[in-house]
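Please read them with the sequence and the coordinates open beside you.

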Amino acid sequence: MKLTLFHYWRSSASWRTRWALIHKGIPFEYRAVDLLKGENEAPEHRARNPFGYVPALEIDEGGKRWMLTESLAILEWLEETHPLPSLYPGNPRTRAHIRQLTETINAGTQPLQNIGVLERVSDQEETRRDGPGTSLGWAWKLSRRFPSPTRGGTRSGMT
Ligand SMILES: N[C@@H](CCC(=O)N[C@@H](CS)C(=O)NCC(=O)O)C(=O)O
């Protein structure tokens, strides 16, 4: 089996897949997709992932190639195909907390920092231009715009 990871060095979603591959000692090739140059919008990357996101893992099983996207799906596939060393130490309660944290980051925080989101929603020219460099500050502001059922209807859950 040959694995090729399409990634970007500043991408947190890419980072967790690189970490898992290295933690498990699985050989793979890197192929950089420069998000700041818009290489993720190119047709060849859209063919790998129609959303134009990284990471994307190409899996070549004896000439039969398929793509897997979504970093958490990649982690789960790696865990099932290469169980040791596990990504999830401890007991079921500890593992549940690890999954809780990953979900908080993956679904609740990271999407607000995406270049595409920043370009569309920011009312600050600097934020639109510098995107990831100012994204945490912008994510904070954005999170305060939306009501949250868990915080008395005044803030989002991430604050
Ligand atoms: N839920 C996806 C998120 C992937 C994602 O948002 N990747 C970002 C980099 S961390 C990206 O490719 N952004 C490009 C853009 O916003 O145009 C995953 O976990 O793989």
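1. Gly62 counts as exposed because 7 other C-beta atoms lie within 10 Å of its own; for burial in general, a residue is buried if 20 or more other C-beta atoms, placed from the backbone, lie within 10 Å of its own, exposed if 12 or fewer, and partly exposed in between. Gly62 sits in the loop between β3 and β4, and its C-alpha atom is 8.1 Å from that of Lys2, although the two residues are 60 apart in sequence.

2. A word on the basis of these notes: this is a predicted model, in which local features need pLDDT of at least 70, side-chain atom pairs count only at pLDDT 80 or more, and totals for chains, interfaces and linings use all residues. Residues are numbered from 1 along each chain as its sequence is written.

3. The protein chain has seven helices and four strands, which are DSSP runs numbered from the N terminus (helices are H or I with at least four residues, strands are E with at least two). Along the sequence they follow the pattern β-α-β-α-β-β-α-α-α-α-α. Of the 159 residues in the protein chain, 17% are buried. When contacts between residues at least 6 apart in sequence are considered, 48% of them join residues at least 24 apart, a contact being two C-beta atoms, placed from the backbone, within 7 Å.

4. The shell has 16 residues, and the closest are Ser11, Tyr53, Ser71, Asn114 and Ile115, where a residue belongs to the surroundings if its C-beta atom, placed from the backbone, lies within 6 Å of the molecule. At least two shell residues come from each of α1 (12–23), α3 (71–81) and α5 (115–121).

5. By residue class, the shell around the ligand is made up of seven nonpolar, eight polar and one charged residue. In this scheme Ala, Val, Leu, Ile, Met, Phe, Trp, Tyr, Cys and Pro count as nonpolar, Asp, Glu, Lys and Arg as charged, and the others, Gly among them, as polar.

6. Tyr53, one of the closest residues to the ligand, is found in the loop between α2 (43–48) and β3, and it counts as buried because it has 23 C-beta neighbours inside 10 Å. Leaving aside neighbours within four places in sequence, Tyr53 is in contact with Asn40 and Thr69. Its C-alpha atom is 9.5 Å from that of Phe6, a residue 47 places away in sequence.

7. Within α3, Ser71, Ile74 and Leu78 are buried. They cover an arc of only 55° around the axis, which puts them on the same side of α3; the arc is that of the directions from the helix axis to the C-beta atoms. The cover over these buried residues includes α1, β3 (56–61), β4 (64–69) and α4 (92–109), whereas the face of α3 turned away from its buried side carries the exposed residues Ala73 and Glu80.

8. The largest nonpolar core has 13 residues, among which Phe6, Val33 and Val54 touch the most other members; such a core is a set of buried Ala, Val, Leu, Ile, Met, Phe, Trp, Tyr and Cys residues joined through C-beta atoms within 7 Å. Two or more of its residues come from each of β1 (2–7), α1, β3 and α3. Not counting residues up to four places away in sequence, Val33 touches residues including Phe6, Tyr8, His45 and Val54.

9. Some backbone details deserve a check. Most residues other than glycine have a negative phi, and most peptide bonds are trans. Val54 and Pro55 are joined by a cis peptide bond with omega about 5°, and Leu84 and Pro85 by another with omega about -10°. Pro55 is in the loop between α2 and β3, while Pro85 is in the loop between α3 and α4. Glu70, in the loop between β4 and α3, has a positive phi near 75°.
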